[in-house]
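Student: I would like to learn how to read a ligand site and a helix in a model. Where do we start?

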Amino acid sequence: MTPLRAVKGMHDLLPADIHRWQDLESRFRATVQRYGFGEIRTPIVEPTQLFVRSIGASTDIVEKEMYSFHDKADKSLTLRPEGTASCVRAFLEHRMSGQQPTQRWYYLGPMYRRERPAKGRYRQFFQAGVEVFGDPGPYVDAEIVEMLVGFLEQVGVPNVSVAINSLGSGTTRERYRHALLEYLTPHREALSADSQRRLESNALRVLDSKAPQDQDIVREAPRISEYLEPDDAEHFRQFSECLVALDIPFVVEPRLVRGLDYYSRTLFEVRSDSDGLGAQNAICGGGRYDGLVETLGGPSTPAIGFALGIERVLMASRSAVAPQTADAFIISAQPELRTEALLVATELRNAGLHALADLRGTSVKSQMRRADKSGAGFAVILGTDERDRGVVQVKQLEDQGQQHEVPRHALATHLASKARM
Ligand code: ATP
Ligand code: MG
């Protein structure tokens, strides 16, 4: 029988590699908690309609990337491709708008998109994100960009750059779409096949195209900034000014539109030129979605959020995170001392120390080799002679360290004082 393998584009995270993930996750939690965000955990499976109605039927995600299936009751369900739609659903379901004027939520978890797998592009990937409900901005927009940039710098992502734009609100997008269509249609034949298709379904997506032949055409396309209403232009001006005041470098990218239908006004993308990333240099996308709560049946509620790709942050990050190593490795000189070894290990663990033991009954030499390999600070050696005298041997494992006797009852205190050094 051929052994089963994980689904293409989905990966196991093994214990040896997980410490970088855990470090990143705990730093993310610590950062966003300082800004007043509370965690939300939503189901991984949602009604398919949630994503169709929020992300938009003619977006890449909904058109071709969703993992959708029918359950036994013939309901169409989908593995979430992103987090915002679920947050908005939960916001409505729990009638949060009536509770507090603003809500700040964060999430961490897996997302699913059936894309072509590549470096930095997977079918199951992890995002960390935030959403703010009830604040029309523009100051909160700058606040979350500042939080994001600070976090990325803290976790060692080099050369972070922020691109911003505004999509306007109300009729802006529609008027701009018309202007764009008018400009692109005469160039139709020169566009890539994908962009020709998008021309009909979602012309703004042509601006997102990475095909070189499209980029030459797109470069000369009209800019959305020329179509902003005065209110939107003022919002964008204040957002930019606030970033300057916070000392966050950014560039305005008039053709930044991003893939999802629900965005309005503020839009941003954060990239890094880290060698680790390759072609997939976008680390985080975010923006305002002032109309989405209403679209999904709730009261008009301004909102903004971002989502960052954890794999990409880890690929870009240059900081090393040392795995945690044990304080002590317990060695039993005779196999009959294994219960004693387990007792000592338990005692040390109860004292808050990190203790390992090899309880298979192998030779002292083999246990010593494992102790060395484990990276533990000390080996604690138990022998029948020592047991009778109420002592243990403690051997420092690093630097060819010395060995000395420690009374059994004082072992935990002894090791704890060493561990603190
Ligand atoms: P891209 O342009 O790279 O496809 P996107 O615009 O689809 O990104 P968003 O939907 O805004 O990305 O998701 C936010 C972040 O999630 C991205 O910046 C990226 O870091 C990460 N991300 C998105 N799709 C994937 C994927 N398939 N595999 C790994 N990370 C991803
Ligand atoms: Mg994408």
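Tutor: Start with a polar contact, a pair of N or O atoms within 3.5 Å. Here an oxygen atom of ligand 1 sits 3.3 Å from a polar backbone atom of G309. For I283, a backbone N or O atom is 2.9 Å from an oxygen atom of ligand 1, and for R312 a side-chain N or O atom is 2.8 Å from one. The protein covers 88% of the 580 Å² of accessible area (Shrake-Rupley, 1.4 Å probe) that ligand 1 has on its own. This is a predicted model: local features need pLDDT of at least 70, side-chain atom pairs count only at pLDDT 80 or more, and totals for linings use all residues. Side-chain values use heavy atoms, without hydrogens and water.

Student: How many residues surround ligand 1, and which are the closest?

Tutor: A residue is near a molecule if one of its heavy atoms lies within 4 Å of it. Ligand 1 has 16 such residues, and R113, E115, Y122, R258 and R312 are the closest. Strands are DSSP runs of E, at least two residues, and helices runs of H or I, at least four. Strand β10 (282-288) gives the largest share of the shell, four residues.

Student: Is α4 buried or exposed?

Tutor: Buried means under 20% relative accessible area, exposed over 50%, and partly exposed in between (1.4 Å probe, protein chains only). Eight of the ten residues of α4 (residues 84-93) are buried, so the helix is largely enclosed by the rest of the structure. Among them are C87, V88 and F91.

Student: What follows α4?

Tutor: R95 does, with a positive phi near 45 degrees.

How values were computed. Residues are numbered from 1 along each chain as its sequence is written. Chains are lettered from A and ligands numbered from 1 in the order in which they are written. A polar contact is a pair of N or O atoms within 3.5 Å; within protein, one must be able to donate a hydrogen and the other to accept it, and residues adjacent in sequence count only if both atoms are side-chain atoms.
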